[in-house]
Number of protein chains: 4
Amino acid sequence: MEDLNKPDFSGLKALYINCTLKDSTQQSHTEGLMKVSMNIMESESVAVEYLRLVDYDVAYGLILDMKKERKEKDDWPDIYEKVLNADILIIGTPIWLGEKSSVATKLIERLYGMSGETNKKGQYVYYGRVGGCVITGNEDGIKHCAMSILYALQHLGYSIPPQADCGWIGEAGPGPSYLDKESGAKNNKFTNRNTTFMTYNLLHLASMLKVNKGYNSYGNSREKWDDGTCWSFQNPEYR
Amino acid sequence: MEDLNKPDFSGLKALYINCTLKDSTQQSHTEGLMKVSMNIMESESVAVEYLRLVDYDVAYGLILDMKKERKEKDDWPDIYEKVLNADILIIGTPIWLGEKSSVATKLIERLYGMSGETNKKGQYVYYGRVGGCVITGNEDGIKHCAMSILYALQHLGYSIPPQADCGWIGEAGPGPSYLDKESGAKNNKFTNRNTTFMTYNLLHLASMLKVNKGYNSYGNSREKWDDGTCWSFQNPEYR
Amino acid sequence: MEDLNKPDFSGLKALYINCTLKDSTQQSHTEGLMKVSMNIMESESVAVEYLRLVDYDVAYGLILDMKKERKEKDDWPDIYEKVLNADILIIGTPIWLGEKSSVATKLIERLYGMSGETNKKGQYVYYGRVGGCVITGNEDGIKHCAMSILYALQHLGYSIPPQADCGWIGEAGPGPSYLDKESGAKNNKFTNRNTTFMTYNLLHLASMLKVNKGYNSYGNSREKWDDGTCWSFQNPEYR
Amino acid sequence: MEDLNKPDFSGLKALYINCTLKDSTQQSHTEGLMKVSMNIMESESVAVEYLRLVDYDVAYGLILDMKKERKEKDDWPDIYEKVLNADILIIGTPIWLGEKSSVATKLIERLYGMSGETNKKGQYVYYGRVGGCVITGNEDGIKHCAMSILYALQHLGYSIPPQADCGWIGEAGPGPSYLDKESGAKNNKFTNRNTTFMTYNLLHLASMLKVNKGYNSYGNSREKWDDGTCWSFQNPEYR
């Protein structure tokens, strides 16, 4: 019953987007935990890209390039290209008042803005990709932030493998953060285990989808649906 | 680029649990929408089972059989067996004050109670199964309820395919419900499309996982982790 | 600028409903923290009532007495009377998978079921009362549970004073609970302070509302609105 | 039992912050509904100020003036002054994927950043003020967005009167927005009633708090607590 062969994950690409409020001149605790996951991926020969969204000028809005709506700058088109190039998207965020950051919220708005795009099969453009999240705070909110991020990703077309959320928080109340030695966070077995399992489950599902060339479009092609195909769906009737 | 072959979904089993507050003597609007999805599955030769949780005596608590903790009755062991027999679990719920029902909340508590169990690979017991949800209300809350349900399922080990949430609500304020003719809900194209896509994506992912015999246990076996295996995970160090 | 006089809170009544899954034969960690707040109230001469909802047979449903809809038992009418007799309602709940308990969810459904009732001023029946919450878990979710409970209470007509949520959780991952000595939870300064501030703010706002005989009905009487009164509201026009 | 006198709300100040993603060159549906509430306030002689946060350069971060942390621009100090000058704060937001906007999230982060400040009584600086919210979308999410906003406001020290959330959404699926004539939204009786009741309840509670000079500091002064005062709080003991 054992899986004896070490799977080969080379060929997969992962994009980690850190949605901390701090630009790269400052330490990010969320980055600290994201690195644990990135290290695993790199050890498994996955091509890993990492960025902090606040380092870029990403405009508010919902079209591909907000410069076309009079915004002076908008780096979203570049980020979006990275998103499309990756098989795996991992969103990292700190917790503020129990919620994901405003930067993470903007990222999801921009991803959502493109959700009308379709791939060559007529499916939503994110189909065939997998997503996960990494959350840190000094107190309370991993699950709530994860709910919001993972919901958005699956609604947009990402697949979510088992236990695709990981994170660290301390006891109720203010206190040291993930990278602060006195937190002892790096030795938290639960956080380390969840981070490891999330990372591998993202890889397993991404591999499976890659082998299958994404999802078969039978039953989920937006283009076909719009053309009148509805497979075994039957319009329910009022009686 | 097209997927020309109709996939074969026979051999898959799906369990639909309706978490309405009403027992089977009463009409459930949520059942109405669940049936749209069930009809598709049945047309695709999937073995479908359906139940309303309130028809059973499911106790509050977190162990397999709460009769062992002095509860008079507890039908959970039977329901849990059905859950384990199914490749696909779809939770249906009405919306009350923007939240999933108390019955759905209890279902998740009972599923959670078993989450320490492992399969033959040492993985959490729900691994290899896929989950989705169906939400109805007369107003507001599909996404919030779906966030909570899908989060719980993935955290417990279920995989979530693209767009695994569907539902119907009317305009803000009280009004007719899904099965009321004056709601026009059955003709809502968005609801019909999402219900169809959810159903097929559950089938595609369940098929894929079945062919793969679930997830390879490299990197996600709870038993191996507890025995000291940590694959490419490296304990981060404080510097 | 100081408030020198000790306020007189005698005459106020508070109802604490513990929504633990455990009946009174078992220890409830949530009760442990609720008692900290109850002790303050009692020291301030407030009439305090406490109950665990699972000790009662509260049916699923949305009318006052579900026995009228063929349920064998329903203790809700008695609980509802207690709710109406109290100036202050504090809902306690454990956290399961980041959510309030199914018992708390049922309590809110039953409160919601009565929200069409009006008082002598034609306002919703809960107007003039104040609400708060106490949350415990061994990990993660105080704020998310509090969001849901406090939202429901205010939407039903309760007033929410500053910082009406308090709670305790430990570091990420399983671990000791509130009453377990090794948790050190009782010495958590943040939890103790928040519990104290919540308790006093509930008392201050309840006193203020009592002196004012609740809310003036100018602008919020459901009955008057239904009769055509709309005060300074003007129907917006499309241009 | 009737309240016969028309209350006098002159002297109160309200600040409406619209967290739409669109700057003032574009139509905001959320503004449309906010105006219904503003019109009532103005008719009741309340001093009303309105702004769209995206029209300002508000930096990411958590201190009063992020220019001190090398940000080029930060208009937050001006906005914060407006917040402190107002008795009432109403946050408006559109819904994106079931969540409040990234602009609203940033607003709450900046409010939170100042939550350590205290007033002359030693209480958190927002004490004595009241808060509400206005939500619009073309589909689904009023309650979820309201939960998040109202939770944050009360946690920061605002008081929340009954039914402090109002909003409009259409039936499930994309469709016309609040200001689009074909939505019929302006004639939605539920939305109009809730908007009216919210507005008046904010006024009633703000008046009450103004007459009382905010909250008595007995039991809630952060400064006194830090100095060792704990009123009737008694440290719970392990037994």
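## Close-up views of a predicted model

**View 1. The contact between chains C and D takes 57 residues from chain C and 57 residues from chain D.** Two residues are in contact if their C-beta atoms, placed from the backbone, lie within 7 Å. On the side of chain C that touches chain D, the elements giving two or more residues are helix H1 (29-43), helix H4 (142-156) and helix H5 (189-211) of chain C. Helices (H or I, at least four residues) and strands (E, at least two) are DSSP runs, numbered from the N terminus. H5(C) supplies the largest share of this side, nine residues. The side of chain C that touches chain D is made up of 26 nonpolar, 20 polar and 11 charged residues. Here Ala, Val, Leu, Ile, Met, Phe, Trp, Tyr, Cys and Pro count as nonpolar, Asp, Glu, Lys and Arg as charged, and the others, Gly among them, as polar.

The model is predicted: local features need pLDDT of at least 70, side-chain atom pairs count only at pLDDT 80 or more, and totals for chains, interfaces and linings use all residues. Residues are numbered from 1 along each chain as its sequence is written, while chains are lettered from A and ligands numbered from 1 in the order in which they are written.

View 2. Copies are superposed by least squares on the C-alpha atoms of residues with pLDDT of at least 70 in both. Of the interface residues of chain C, 98% are also interface residues in chain D, so the copies meet through the same surface.

**View 3. Chain B is superposed on chain C by a rotation of 180 degrees with 0.0 Å of shift along its axis (RMSD 0.0 Å).** These two copies are thus related as by a two-fold rotation axis. The same surface serves both, as 100% of the contact residues of chain B recur in chain C. Among the residues of chain B, Ser102(B) comes closest to the rotation axis, its C-alpha lying at 2.4 Å.

**View 4. At the contact between chains B and C, 17 residues of chain B touch 17 residues of chain C.** Helix H3 (102-113) and helix H4 (142-156) of chain B are the elements that give two or more residues to the side of chain B that touches chain C. The largest share of that side, seven residues, belongs to H3(B). By class, the side of chain B that touches chain C has nine nonpolar, five polar and three charged residues.

**View 5. Helix H4(C) is mostly covered, with 15 of its 15 residues buried.** A residue is buried if 20 or more other C-beta atoms lie within 10 Å of its own, exposed if 12 or fewer, and partly exposed in between, with C-beta atoms placed from the backbone. At 1.5 Å a residue, the 15 residues of H4(C) should span 21 Å, which agrees with the 21 Å between its end C-alpha atoms; the expected span is 1.5 Å times one less than the number of residues. Just after H4(C), Gly157(C) has a positive phi of about 125 degrees.

**View 6. Leu150(A), Leu150(B), Leu150(C) and Leu150(D) have the most contacts inside the largest nonpolar core, which has 299 residues.** Such a core is a set of buried Ala, Val, Leu, Ile, Met, Phe, Trp, Tyr and Cys residues joined through C-beta atoms within 7 Å. Not counting residues up to four places away in sequence, Leu150(D) touches Leu150(C), Tyr151(C) and Gln154(C), as well as Gly131(D), Cys133(D), Ile160(D), Ala164(D) and Asp165(D).

**View 7. Glu31(A) is found in helix H1 (residues 29-43) of chain A.** Glu31(A) is buried, with 22 other C-beta atoms within 10 Å. Not counting residues up to four places away in sequence, Glu31(A) touches Asn18(A) and Thr20(A). Glu31(A) and Leu150(A) are 119 residues apart along the chain, and their C-alpha atoms are separated by 19 Å.

**View 8. Asn138(B) lies in strand E5 (residues 130-139) of chain B.** With 20 other C-beta atoms within 10 Å, Asn138(B) is buried. Apart from neighbours within four places in sequence, the residues in contact with Asn138(B) are Ile169(B), Gly170(B), Pro174(B), Gly175(B), Pro176(B) and Ser177(B). The C-alpha atoms of Asn138(B) and Asp226(B), 88 residues apart along the chain, are separated by 47 Å.
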